[in-house]
Amino acid sequence: MQISPYLTFSGDCEAAFKFYQQSLGGELTMSPFGETPACDHVPADWKNKIMHARLQIGDTVLMASDNPPGMQQPAAGFSVSMNVDTPAEAERIFAALAEGGKIMMPIEKTFWADRFGMLVDQFGTPWMINCEGTERGKP
């Protein structure tokens, strides 16, 4: 079984997922409404919005779409949690995702991890970046 986060955006899914691919790497595929069977059921100004985006990063998949006007709700009650292998990788990813966003907890060594930090990116998605490292549990 694999659980994959599915994010929704209010029209900026394409920009968000290009940003995520730039920050995280991976293989990105996107399907705009205008290139799907839903084409005839959306307004003309919505045809370039994303019906489905998929970013494959190793064994992990992050997916998303644009919500029609009036349907989008602010992200609440969750964070996309990322576990990485090295403190340098954690710091790089944190800095990339924090660009234009808001740092909630700076990335730093904690009692459970070599690095941990929390942020909300420029698209409103909350993230937690964690690197347990080789000395897990040692401050």
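Lys18 and Glu14 are joined by a salt bridge, with their closest N and O atoms 3.0 Å apart. The model examined here is a predicted one. Both partners belong to helix H1, and because they sit four residues apart in that helix, about one helical turn separates them. In general, an α-helix has 3.6 residues a turn, so residues three or four places apart point the same way. Lys18 is partly exposed, its relative accessible area being 44%, and Glu14 is likewise partly exposed, at 33%.

H1 covers residues 13–24, a run of 12 residues. From its first C-alpha to its last it reaches 16 Å, close to the 16 Å expected at 1.5 Å a residue. Its buried residues are Cys13, Ala16, Phe17, Phe19, Tyr20, Ser23 and Leu24. Viewed down the axis of H1, these buried residues fall within an arc of 155°, so they line one face of the helix. Just after H1 comes Gly25, which adopts a positive phi of about 85°.

How many salt bridges does a search of the whole structure find? The search finds three.

Asp66, in strand S4 (residues 60–66), presents another picture. This residue is buried yet has no salt bridge. The nearest side chain of opposite charge is that of Lys49, 5.6 Å away, and a salt bridge would require a nitrogen and a carboxyl oxygen within 4 Å. What lies by the side chain of Asp66 instead is backbone: the nitrogen of Gly11 is 2.9 Å from one of its polar atoms, and the backbone nitrogen of Asp12 is 3.2 Å from a polar atom of that side chain. Leaving aside residues up to four places away in sequence, Asp66 touches Phe9, Ser10, Gly11, Asp12, Cys13, Phe33, Trp46, Lys49 and Ile50. Among these contacts is Cys13, one of the buried residues of H1.

How values were computed. Residues are numbered from 1 along each chain as its sequence is written. This is a predicted model: local features need pLDDT of at least 70, side-chain atom pairs count only at pLDDT 80 or more; totals for chains, interfaces and linings use all residues. Side-chain values use heavy atoms; hydrogens and water are left out. Helices (H or I, at least four residues) and strands (E, at least two) are DSSP runs, numbered from the N terminus. Buried means under 20% relative accessible area, exposed over 50%, partly exposed in between (1.4 Å probe, protein chains only). Lys and Arg count as positive and Asp and Glu as negative; His and the chain ends are not counted. A polar contact is a pair of N or O atoms within 3.5 Å; within protein, one must be able to donate a hydrogen and the other to accept it, and residues adjacent in sequence count only if both atoms are side-chain atoms. Contact means heavy atoms within 4.5 Å. The expected span of a helix is 1.5 Å times one less than its number of residues. The arc is that of the directions from the helix axis to the C-beta atoms.
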